[in-house]
Amino acid sequence: MNYRYVWNELRHHRHRTLVNILGIGIGIALFVSINAVSTAYQDAVSLPFKNLGADLVVQRPEKRAVNSGQAPASMRGIRLPFSNQILPARDLENLKSITGIDSVATSLLLWEFHQGGFRTIMGVDMAQPSLGPVKVKEWLKEGRFPENSGEVVLEKHYAKFRQARLGSPFTIGDRSFKIVGLLEIREGSQIASANIYMPLADAQTLLEEDTKGVNIVYLHLQNPSLLGQVKAQISKELNGVSVTSSDSFLELMGGVSKISDQFSLLVSLAALGGAIFLIIKTMLANLVARSSEIGILKAVGWREKDVQKQLMGEVLLQSLLGGILGVIAGYGISYLLGFLSIPVSTPWEVNLMPAFARDSEAALAIVRLPVSVSAGLTTASLALALLAGGLASYFMGRRTSRMKPADILRRL
């Protein structure tokens, strides 16, 4: 292959070269952007669990809430949520014995109904610093996380609404606590977005029914592929509990997520197919215009293989340049789409608001699409661009094999 000839041919026919590069570039850009946004959509739905380091959340709902959705008669003071009743010690032991579970963290979620309104209280277990609501320590804006009994951290928007400041006393129930920190809930972490955070032992003392109980268990698995197996085992071993995972968010979205995933694949493949068709059609049309050039090359001694290699070199170089251009443009489009936000609905089992509010805006979180550059998608896109070039060169080779030098020169 004469590389200088390839370069000169492309340089001297700028318009033709530009059309071919743009054709494959547009197809690859659509392929990259559609798939990147689809992947970002799936990641956004999984954010609530990823931000807590958890794969599964185990709770025991109140039977009345499951059967009728009606609230109990008493809605005053500090009480357990409808979806979070106390888990017996035997349930906790059974959970720890299930194969595939790597680590376990517990917490106690409480509701308080008082004259000033409603608020959520989260008792945090410090034993697992990388699992569960304890990770809100990473989201501190001011102060520190509680180290001693009688200390609390408030969510900063709630603190502003209540006009509570760092270092000031704060009353919960009939007890006084000291505010030692303010934090901001990370985007997509609505399953841990309580108003007040405190050590687990302090939260347990607020609840009269059980001073040592917990009502939420966060599980991290040894291998994410064991998710279905572990969920089935938990449901078998612990009768009546609810087991929630990131899949629950996808199930809540229903067919939308499945259609989105399938639609993105079909549209991206259609776009790429259109680009391949465009480049093949354009190059075959250009081949007719270059018939005299090919006839002269064959007449002066170029073999069929030499001509085909030369044309293949031109096509593959244009396809590679178009692929690189498409990847850059595709990620540029994806980056701009990353400024968009999508609503993520929360399953009512892990929604910290009362069950009767599960259909309200409180069950929604607005999450920005976490678009990122994927080495796998980039590699696949460039490979598809070269595949498009390979198909184009194949059809061109078939066409040139039927071109006879004598017939071409006779028409000159």
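What follows is a short chat about the structure shown above.

Q: What should I know about the model before we start?
A: It is a predicted model, where local features need pLDDT of at least 70 and side-chain atom pairs count only at pLDDT 80 or more, while totals for chains, interfaces and linings use all residues. Residues are numbered from 1 along each chain as its sequence is written, and side-chain values use heavy atoms, with hydrogens and water left out.

Q: Ok, surface first. Which residues make the nonpolar surface patch?
A: Leu18, Leu22, Ile26, Leu30 and Leu325, together about 430 Å². A patch takes residues with over 30% relative accessible area and no salt bridge, joining nonpolar side chains (Val, Leu, Ile, Met, Phe, Trp, Tyr) within 5 Å and like charges within 9 Å. The areas are from the Shrake-Rupley method with a 1.4 Å probe, and for residues only the protein chains shown count as cover.

Q: Which helix gives the largest share of that patch?
A: Helix α2, residues 14-50, with four residues. Helices here are DSSP runs of H or I, at least four residues, and strands are runs of E, at least two, both numbered from the N terminus. Leu30 is in helix α2.

Q: And why does Leu30 count as partly exposed?
A: Because its relative accessibility is 36%. The cut-offs are buried under 20% relative accessible area, exposed over 50%, and partly exposed in between (1.4 Å probe, protein chains only).

Q: What lines the second largest pocket?
A: Ten residues, and Ile78, Gly173, Asp174, Leu206 and Glu208 are those nearest its centre. Lining residues have an atom within 4 Å of a point. By class, the lining holds four nonpolar, two polar and four charged residues. In that scheme Ala, Val, Leu, Ile, Met, Phe, Trp, Tyr, Cys and Pro are nonpolar, Asp, Glu, Lys and Arg are charged, and the others, Gly among them, are polar.

Q: How many salt bridges turn up in the whole structure?
A: Six. The test is a side-chain nitrogen of Lys or Arg within 4 Å of a carboxyl oxygen of Asp or Glu. One of them pairs Asp91 with Arg60 at 2.6 Å, N to O. That pair links distant parts of the chain, 31 residues apart: Asp91 is in helix α4 (residues 89-97), Arg60 in the loop between β1 (56-59) and α3 (63-67).

Q: Are Asp91 and Arg60 buried or exposed?
A: Both Asp91 and Arg60 are buried.

Q: What about Lys141, which residue does its side chain meet?
A: Glu184, in a salt bridge of 3.6 Å, N to O. Lys141 lies in strand β5 (residues 140-143) and Glu184 in the loop between β8 (175-183) and β9 (196-199), so this pair ties together parts 43 residues apart in sequence. Lys141 is exposed at 54% relative accessible area, and Glu184 is partly exposed at 28%. Lys141, Lys156 and Glu184 are linked in a network of salt bridges.

Q: Which residue does Arg144 bridge to?
A: Glu147, with the closest N and O atoms 3.9 Å apart. Arg144 is partly exposed at 30%, while Glu147 is exposed at 60%.

Q: Backbone now. What is phi of Gln163?
A: Near 55°, a positive value in a residue other than glycine. Most residues other than glycine have a negative phi. Gln163 sits in the loop between α5 (156-161) and β7 (169-172) and is exposed, with 71% relative accessibility.

How values were computed:
On a 1 Å grid over the protein atoms alone, a cavity is a set of points where a 1.4 Å probe fits but cannot get out, and a pocket is an open set with protein on both sides within 12 Å along at least five of seven lines; lining residues have an atom within 4 Å of a point.
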